[in-house]
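Let's walk through this model together, a stop at a time. Keep the sequence and the 3D view open side by side as you read.

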Amino acid sequence: MHLDDTPPRADTPWTVYGTALHSRLLLGTAGYPSPAVLEVALRAAGTQVVTVGLRRVLAGGGDNGFIGQLLPGLRERGAHLLPNTAGCRSAREAVALAHMARELYGTHWIKLEVVGDEHTLQPDPWGTLDAAAELVREGFAVFPYCTDDLVSCQRLLDAGCEVLMPWGAPIGSGQGLLNPWALRTLRERLPDATLIVDAGIGTPSHAAQALEMGFDAVLLNSAVAQARDPVGMARAFAHAVKAGRLAFQSGTLTPQAMAVASTPVVGRPMLIG
C-alpha cells in the first residue's frame, strides 16, 4: 500500500424512496431564534431533507411565514421537505394530517408520528403501524418514527415502509443513544432497510456514534435550534456525521474484554537493566 496525501474519499450517495441524497444529516425547523438563523443553519449543515410540523404551521396561520419563504431556496439547492404528523394521538388523526400536508406542500413524503405516551412522547406501535399501512396504500412515502423494538420495526417494513426512524432517546431530551444494543440489533437484523436515528440526539458525538454503527443518517432539531450558536452547531453536526460514516466505511476496532498489545513483543530482543 502506498501512502499519499489523497483526501478521504467522498461518501457515495444513499437512496431514500428512489431519491439519491448526499447529506446524511436531516434537520427540523422548530425553535430557532429567527427565520434568518434557521436559513443560515440549514446551509451550514448542508442538509437535503428538512422537516416541518404541520400542526405548528397551521397554528401559526397559513405557512407560518418563513416556511413558504424558505421553500424556493431549499428546492433550488436540491433539498426536500418532509412534513411530519407531530402531535397526533391516533392513526386516523395522523392520516388526515398527512393528506393535508400533501396538498399544502405537494410532496408524498411524510414523517409519521403517532404518540402513545404524553410523558415520554413514545410512539404508539399499533397506531403507527395502522397509519403506515393505510398511507402506503394511498401512495405516501412513509418515514415512521418508531422505537428500537425489532419486531415493531419488522412489521412496519412488512407494511411497505422503506425507511424506519427509531428513536435514540425521548424527543428533545438530548440523552443520546440510550440503548446501543437494541440499535445495533436493528442494524444487524435489518441489513437492507434504510435506518435513520431520530430523536434524543444532543451532541455531535451522538450523531457520529449512530453513523459509526452503520445507521444511514440522523434526524435532529433541538440540539441545533437551541444551541448558543445554531449555525456553528449545525456545522459541527455536519462534520460529525461525515466522520462517523467514514469510520463505519473504514471498519472500527472491535471492542475486546482484555488488553491486546498494540506492539508485539514475542521474538524481539529486549534490554534488561
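The structure holds zero disulfides, a disulfide being counted when a pair of cysteine sulfur atoms lies within 2.5 Å. As a reminder, a disulfide is a covalent bond between the sulfur atoms of two cysteines. Take Cys-153: the closest cysteine sulfur, in Cys-146, is 3.9 Å from its own sulfur, and that is too far for a bond. Cys-153 is also buried, at 1% relative accessibility; here buried means under 20% relative accessible area, exposed means over 50%, and partly exposed is in between, using a 1.4 Å probe and protein chains only. Cys-161 is in no disulfide either, as its nearest cysteine sulfur, again that of Cys-146, is 8.6 Å away. Cys-161 is buried too, with a relative accessible area of 4%.

A word on what you are looking at: this is a predicted model, in which local features need pLDDT of at least 70 and side-chain atom pairs count only at pLDDT 80 or more, while totals for chains, interfaces and linings use all residues. Residues are numbered from 1 along each chain as its sequence is written, and side-chain values use heavy atoms, with hydrogens and water left out.

Now step back to the whole protein. You will find 10 helices and 10 strands; these are DSSP runs numbered from the N terminus, with helices being H or I of at least four residues and strands being E of at least two. Of the 273 residues, 45% count as buried. Among contacts (heavy atoms within 4.5 Å) with a separation of 6 or more, 65% are between residues 24 or more positions apart.

Thr-51 gives a local view of this. Thr-51 sits in strand 4, residues 49–53, and is buried, with a relative accessible area of 5%. Leaving aside residues up to four places away in sequence, Thr-51 touches Leu-27, Gly-28, Thr-29, Leu-82, Asn-84 and Leu-219.

Next, have a look at two loops. Tyr-17 lies between strand 1 (14–16) and strand 2 (19–21), and its phi is near 50 degrees, a positive value in a residue other than glycine. Tyr-17 is buried, at a relative accessible area of 19%. Ala-199, in the loop between strand 9 (194–198) and helix 8, also has a positive phi, near 85 degrees. Ala-199 is buried, with a relative accessible area of 8%.

How does helix 8 pack with helix 10? Helix 8 (residues 204–212) and helix 10 (residues 230–250) pack at an angle of about 25 degrees, with their axes 7 Å apart. The axes are lines fitted to C-alpha atoms, for helices over the stretch in contact, and the angles run from 0 to 180 degrees between N-to-C directions. The two helices are therefore roughly parallel, a label for angles under 35 degrees, with over 145 being roughly antiparallel, 65 to 115 roughly perpendicular and the rest oblique.

Finally, find His-239 in helix 10. His-239 is exposed, with a relative accessible area of 54%. The C-alpha atoms of His-239 and Ala-208 are separated by 8.8 Å, with the two residues 31 apart along the chain.
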